[in-house]
Amino acid sequence: MSARRAHHASLKLGTTKGIDRSRAVLSMAESLARLFDDILEANTLDLEASREMALPDLMLEWLKLTPKRLEMTVEILQRLGELSDPLRRVRHADYQLEDSQTYSQLMPLGAIAFIYEAFPELGAIAAGLCIKTGNSIILRGGTEAIHSNSAIAIALTNAIADVGLPEDCIQLITEEHGTSIRDLVTQDRYLNLVIPYGRSSLVQQVVRHSTSPVLRSAMGNCYLYWSPNGSLEMVRWMIVDSHQSEPDPVNAIEKVLIHRQALPSSLVTLWNSLKEKGFEIKGDAELVDAFPQLQLTKDTEWGSPYLTKTVSFKLVDSLEAAIAWINQYSSGHADCIATESYQESRQFALGVNSASSYINASPRFSRNPSRGDSVFLGMSNQKGHRRGLISLESLTTTKHIVLGNGRF
């Protein structure tokens, strides 16, 4: 059983030295680079088969593994390998027991299942994050990417074997193994975390069936509130830039709430500018009455991601009304405000029930940001496990250690 083997591998992996795990991740990067052409050829087979199966255009975009995307994956693994060890860091405890010293350390979670649609390179990035943090990983990709995922898995497992880490710490399973998603996510005896990545339907399927903890990821349906104190150019830039995170529009602004005081001329200017950039513009019933050129946004669309270059606009009476609407309909992982008012920005940041708030800033998502010491798998919108950006620390847990002084 894959989950049991992953569990036993994680027990060995969790005691390895940070330098050995770093060497393993660097070896994974080298192996991907060495098998670069084989992986791209495998991806071509998947693309041909998926077109015959009439896979949606969105999924084809996610599946298409360009040389640039694969090069970025190699760069991310190289960066992960060079980062300092996230484990064993000693932290001061919030409490101290009498006649003893108490401290805490970050520790691996154990065995992690990563369930994903298309996005072949994400299997490699997730594996790098897991090995770096001392966790074993089970990769469960979709049938649309079976050749790509297999080619990448061969590269990863070869690298693990070369550096002497437990062979079962990276496993790829498919439907051909007879293991359904439900079969996998109900192995709570061995699995410590499940991370689903893809369309919201996949994420919800995993959440419904899993008996193991789930780290939900979210994509799209981020909101922007355009205050009367916010500039047109700022709003335009925030919307356009947020859609630049390819191939997955993780933090794309898809809904914009507009204060009633907004000038009609400003709205038309914004919409025309967005249309020139290839955006489809929609609006609520009130806006469609005033501007017949807009498409009507259905009631069901306010709470669902488009995952395309589509933006819906809605009129609201106040900042408070905007916050209430966002808290009801947003995906809850990245929401924004355009305003020059400090008071409004503070009210928005504290009132919006989202993992992250952006004030006059683009929420654009980057897996490999140029600044800082982090690599990100995605964004989480839940409060249960870890919220916000899914990073190395998201894949760890805390252990408290109490050191007595010999008195009793």
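I shall take the ring pairs in turn and then the charges over rings.

This is a predicted model, in which local features need pLDDT of at least 70 and side-chain atom pairs count only at pLDDT 80 or more, whereas totals for chains, interfaces and linings use all residues. Residues are numbered from 1 along each chain as its sequence is written, and side-chain values use heavy atoms, with hydrogens and water left out.

Rings of Phe, Tyr and Trp (for Trp, the six-membered ring) pair if their centres lie within 6.5 Å; planes under 30 degrees apart count as stacked, over 60 as edge-to-face and the rest as tilted. How many aromatic pairs does this rule give? The count is seven.

One of them joins Trp-62 and Phe-119: the centres are 4.6 Å apart and the planes stand at 25°, so this pair is stacked. Trp-62 belongs to helix 4 (residues 57-63), while Phe-119 is in the loop between strand 3 (111-116) and helix 6 (120-132), so the pair ties together parts 57 residues apart in sequence. Helices (H or I, at least four residues) and strands (E, at least two) are DSSP runs, numbered from the N terminus.

Finally, a charge sits over a ring if NZ of Lys or CZ of Arg is within 6 Å of the ring centre and within 35 degrees of the ring normal. Lys-255 lies over the face of Tyr-306, 4.7 Å from the ring centre. Lys-314 lies over the face of Trp-325, at 4.3 Å.
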